[in-house]
Amino acid sequence: MVVGTLQRSCQVAVVGGGPGGYLAAIRLGQEGRDVVLVEKEPALGGICLNEGCIPSKALLHAAEVYTATRHASEMGIEVSGVSLDVGRMVAWKDRIVKRLTDGVRTLSEKNGVEVLHGTARFTSPHDLEVLSADGEVVRLSFEEAIVATGSVPARVPGFELDGTRVIGSREALSLTEVPRRLVVVGGGYIGLELGSLFRKLGSEVTLLESAETLLPRLDPEVGQALGRRMRALGVDVRLGVRARGVVQRDPPVVEVERPESGVERLEADVVLVCLGRAPLTEGLGLEAAGLSTDARGFLPVDAALRTARPWIRAIGDVAGPPLLAHKAYREAKVAVESMLGRRAEFDNLVIPAVIYTDPEVAWAGMGEAEARAAGIRPRVGTFPLRASGRALTLAAPDGFVKTIADDATGRILGMIVVGANASELIAEGTLAIEMGAFLDDVAAVIHPHPTLSEGILESVDAALGQAVHVLNPKG
């Protein structure tokens with residue numbers, strides 16, 4: 001029931017308080033704009049801070065500490081009485097999330113951003129209606145707007161979530177008990193990360209992926225290396241299978257179709273559904289604003305992130321793939337600069353991506369197959385981390401660094417890192433590609449020793465045929 005209606009006007013309305021939305025709002029506030037940030041959830045930060053990037057990485061780190069402690073005897077460290085209190089682990093994760101989301105709220109307020117909590121919908125090209133949880137309505141008129149509503153788990157018939165037995169990533173990150181049997185449906189980023197997490201915490205994990213290999217869009221060596229490690233951890237990785245749906249709920253049973261053996265029924269304690277995400281535009285009233293989505297549900301934008309209504313911009317997941325927080329951060333900066341009348345376009349050459357598995361997987365730019373498809377003959381250098389002194393001292397020899405360059409010019413086109421701290425290392429490859437670096441440029445940069453970052457230098461040397469710590473390929 002609507003209990004009251006308020007009227008408010010502002011220069012800029014930002015719809016969505018996730019990474020893109022709050023960054024845009026704060027930057028606009030710093031520039032002296034009258035900004036209202038609308039967020040439907042009680043806390044700012046969006047999926048990333050509240051139920052995605054941050055909480056998952058906290059739990060993945062905790063699981064790694066738990067695993068390392070249990071297997072420290074190889075280094076002469078004997079630890080007895082190691083136990084797991086998942087409730088306390090989740091509480092620790094929640095404290096990290098609260099600290100960060102409280103920080104975002106404080107920064108927003110200190111920069112003059114007004115935060116409205118409620119669900120927003122357009123009622124005209126220059127008006128929003130914001131309905132709060134207690135029924136209050138704010139009619140918000142704006143000169144310009146930024147849509148940053150993010151994404152939601154894709155709805156897949158047969159895999160409807162019930163929040164307890166059949167769950168998504170949000171519920172998985174708040175489980176206070178480790179399920180004995182976990183079936184993960186989907187071998188993408190989220191499925192791989194959470195599958196490895198719960199295996200390390202003690203679950204019997206079965207991971208179902210319809211493709212014939214893990215991460216089929218990347219170079220084959222990536223999926224092979226990750227598959228070997230997942231199986232070494234004890235994850236039952238099943239490739240080339242089609243999960244038809246959850247056919248029973250208590251206990252849940254997943255029906256799986258295999259080409260060679262017909263239909264199989266897998267019983268679990270919990271089924272974790274990780275079948276992708278979709279842009280969140282439902283209920284936003286786009287038609288009233290004179291906007292429409294494309295065939296995939298995204299809001300089309302130009303290089304300055306302007307929609308068909310130039311005073312309304314869209315950033316982050318709702319503006320198109322890849323659905324990554326750091327893409328939203330960059331788009332927010334571009335959108336703000338454009339709104340301020342400065343020359344700004346989203347013209348980045350590459351967007352790095354990371355999967356926080358064990359080992360981590362990170363990449364930027366082209367792989368070998370992509371280069372060939374573009375008519376470029378690739379020159380490739382690969383350095384295995386088992387030849388890295390630093391990787392061995394970290395007991396992390398799994399993985400490799402691969403650099404892909406244009407054979408004709410030596411210009412660096414792409415980089416793939418599989419291994420410990422790949423998420424940190426890929427920034428160097430991203431910078432090299434963005435700045436148009438050549439193999440010789442990186443080869444001349446002194447990298448500290450002993451470090452994992454030397455793997456990048458070593459892969460470049462290998463591409464140049466000048467490797468010292470691995471054999472150069474003949475011919």
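A salt bridge is a side-chain nitrogen of Lys or Arg within 4 Å of a carboxyl oxygen of Asp or Glu. Arg377 and Asp407 form such a pair, with their closest N and O atoms 3.7 Å apart. The structure described here is a predicted model. A search of the whole structure finds 39 salt bridges.

**Salt bridges**

- Arg377 sits in the loop between H10 and E20 and Asp407 in the loop between E21 and E22, and their pair links distant parts of the chain, 30 residues apart.
- Arg377 counts as exposed at 64% relative accessibility, whereas Asp407 is partly exposed at 26%.
- Glu204 forms a salt bridge with Arg180, and the closest N and O atoms are 3.8 Å apart.
- Because Glu204 belongs to strand E10 (residues 204-209) and Arg180 to the loop between helix H5 (169-172) and E9, this pair ties together parts that are 24 residues apart in sequence.
- Both partners are partly exposed, Glu204 at 45% relative accessibility and Arg180 at 49%.
- Arg372 and Glu368 form another salt bridge, with a closest N and O separation of 3.6 Å.
- Arg372 and Glu368 are four residues apart in helix H10 (residues 368-373), so about one helical turn separates them.
- Arg372 is exposed at 52% relative accessibility, while Glu368 is buried at 17%.
- Arg372 and Glu368 also belong to a network of salt bridges that links them with Asp219, Glu221 and Lys402.

**Asp406, a buried acidic residue**

- Asp406 is found in strand E21, which covers residues 400-406.
- Asp406 is buried and has no salt bridge; Arg379, the nearest side chain of opposite charge, is 7.4 Å away.
- A polar atom of the Asp406 side chain lies 2.9 Å from the backbone nitrogen of Ala408.
- Beyond its neighbours within four places in sequence, Asp406 is in contact with Ile376, Arg377, Arg411 and Leu413.

**The open sheet**

- Five strands make up an open sheet with antiparallel pairing, in the order E18-E19-E22-E21-E20.
- Strand E18 (353-355) and strand E20 (378-384) each have a single partner strand, so one side of each edge strand has no neighbour in the sheet.
- From one strand to the next, the twist averages 10 degrees.
- Seven bridges join E20 and E21 in the antiparallel sense, and Phe400 in E21 is the bridge partner of Pro384.
- Helix H6 (residues 189-201) packs on the sheet and touches E18 and strand E19 (360-365). The direction of H6 makes about 30 degrees with that of E18.
- Helix H7 (residues 220-233) also packs on the sheet, where it touches E19, E21 and strand E22 (412-419). The direction of H7 makes about 175 degrees with that of E21.

- E15 pairs in the parallel sense with strand E8 (residues 166-167) over two bridges, and Ile167 stands opposite Leu272.
- E15 also runs parallel to strand E9 (residues 181-185), to which four bridges join it. The bridge partner of Val185 in E15 is Val273.

Note on methods:
Residues are numbered from 1 along each chain as its sequence is written. This is a predicted model: local features need pLDDT of at least 70, side-chain atom pairs count only at pLDDT 80 or more; totals for chains, interfaces and linings use all residues. Side-chain values use heavy atoms; hydrogens and water are left out. Buried means under 20% relative accessible area, exposed over 50%, partly exposed in between (1.4 Å probe, protein chains only). Lys and Arg count as positive and Asp and Glu as negative; His and the chain ends are not counted. A polar contact is a pair of N or O atoms within 3.5 Å; within protein, one must be able to donate a hydrogen and the other to accept it, and residues adjacent in sequence count only if both atoms are side-chain atoms. Contact means heavy atoms within 4.5 Å. Two strands pair if DSSP finds at least two bridges between them. Axes are lines fitted to C-alpha atoms, for helices over the stretch in contact, and angles run from 0 to 180 degrees between N-to-C directions.
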